[in-house]
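Please open the model in a viewer and keep the selection panel at hand. The stops below proceed from one chain to the other.

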Amino acid sequence: MSTAKIFKRPDGRKPDEIRAMEAKVGVIPNANGSAMFSFGDTIAIAAVYGPRKMHPQHQQNPEKGTLRCNYSMLSFSVSERIKPGPNRRSTEISKITEWALEPVLMIKKYPNMVVDVHINILQANASTRCAGINAAALALAHAGIPMRDLVSSISIGKLDKQLVVDLNKEEEDWEEGEGSTDIPITMTPNGEITHIQLDGRITSEELKEVIGLAEKMTKEVYEVQKKALKDSIKI
Amino acid sequence: MIKDKIERKVVIPGEVIVKGEDYLPGEGAEKKGDEIITTRYGLAEESNKLIKVIALSGIYQPRRGNIIIGKVENITFYGWVIDIDCPEGAFLPLQEVPKYVNKDRLNDILDIEDMIVAKIIGVTNRGIDLTIKSRGLGKIDEGIIIKINSNRVPRVIGKEGSMINLIKKESDCNVTVGQNGLIWIKGNKIDDELLVKKAIMFVSEKSFTSGLTDEVKKWFEKEKKKTMEKSE
């Protein structure tokens, strides 16, 4: 870890330092469950509606309930205005979020029904899908939907040869040396991976190291989520 | 005040509530090895080695025997479709009406948009069956209906009905609490009904405080003083 001391990140963070995290549940009174999660400048809010009857009827599944996620970046969330509405990227992230959350959700008891999760990115500075998944996990728990566990998500990056956690926009566009690699990972507190993506180049040895690091870092995220849920009720 | 014997704590999904072979998982909990694990967010409670989690949020889950308040949504040949504020539709069949019904004129008994107090007699995977064949059930003809979060209903009723009886006594109104969170208030004066509405909102907002019944008593005294001053 000698390189760890020499390496300097653009915003002065340590390689394994996450941006300041904040989490809150119950931010949307109209929804059955809601939550906000932020990594520094990246802010995501999630609202859960349901379980409710699936419409159109032909999409109903009589064997188990369905999870439907909808990820969307608000037009003012980035410096250059983005066109509102679904696009290729947001459709993909919506599906990825569904897959990341489904393994921990126990929606077998809700046949013919759907749980809707709407994730909105209020402000983006990279790692939006991780913030979105974290907010969605909190919102689902807040909506009282049975779950095996919570999930926590973090992005691990590789800048040149150095592993760092929680990339921001500047680091995502890193071009020196081997360039930037971005690996968003979602895990349960027991270290079971429910979602992993890779954008860039990495060796298999390094990937193992990434997973080990992710296991450690998702625990930090989990503590923040746990605190948010526990603090929202005062007995 | 008597201290609550049962220790309650906030639990989150996946959290280990207790370890040990001699505990049993109840509602909202699951056994994994020798640990009892929560499956939903809420308050964990232990009684006689049975661990259960009281839900604090989420939609209303219909149960057999629940008294609910619903709205007539549709009329069919065999009865009425009732909206009871939960994902499954409820059905009130003709046989469950304690009156002679002319099959051609179902809307004389209950019309669309009418509100009823009913009891759930069965929950199957095909739907929910209701009845109005009992005392206190049937069509609602006057009064006001308010809605609260269905998870707060146990607090509004109180231990063995202590809270609701207090509200009834203080306001001189007839209050029917549906397990689905709809509450029907009927009093002699509109002011009384509005007072009950305010009191119920007060209870559902403060539903986590202990010793709430005493607090509501004080709240009623304060409200009464206010109205007295106004009339003077």
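**Stop 1: the sheet of chain B**

Select the strands S2, S5 and S4 of chain B: in that order they form an open sheet of 3 strands with antiparallel pairing. Here strands are DSSP runs of E of at least two residues, and helices are runs of H or I of at least four, both numbered from the N terminus; two strands pair if DSSP finds at least two bridges between them. The edges are strand S2 (16–19) and strand S4 (29–32) of chain B, each of which pairs on one side only. On average, neighbouring strands of this sheet are turned by 25° against each other, direction ignored.

The model is predicted: local features need pLDDT of at least 70, side-chain atom pairs count only at pLDDT 80 or more, and totals for chains, interfaces and linings use all residues. Residues are numbered from 1 along each chain as its sequence is written, while chains are lettered from A and ligands numbered from 1 in the order in which they are written.

Next, select S4(B) together with strand S5 (residues 35–38) of chain B; 4 bridges join these antiparallel strands. Within this pair, Ala29(B) stands opposite Thr38(B) in S5(B).

**Stop 2: the contact between the chains**

Display both chains. The contact takes 25 residues from chain A and 16 residues from chain B, where residues are in contact if their C-beta atoms, placed from the backbone, lie within 7 Å.

**Stop 3: the sheet of chain A**

Select the 5 strands of the open sheet in chain A, whose order is S1-S2-S3-S5-S4 and whose pairing is mixed. Strand S1 (21–25) and strand S4 (66–73) of chain A are its edge strands. From one strand to the next, the twist averages 15°.

Thr66(A) is found opposite Val114(A) in S5(A).

**Stop 4: a helix on the sheet**

How many residues of H3(A) are buried? The count is 15 of the 15 residues, so H3(A) is largely enclosed by the rest of the structure; a residue is buried if 20 or more other C-beta atoms, placed from the backbone, lie within 10 Å of its own. Finally, select Gly144(A), which follows H3(A) and has a positive phi, near 75°.

Technical notes
Axes fitted to C-alpha atoms, helices over the stretch in contact; angles between N-to-C directions. Buried ≥ 20, exposed ≤ 12 C-beta atoms within 10 Å, placed from the backbone. Contact = placed C-beta atoms within 7 Å.
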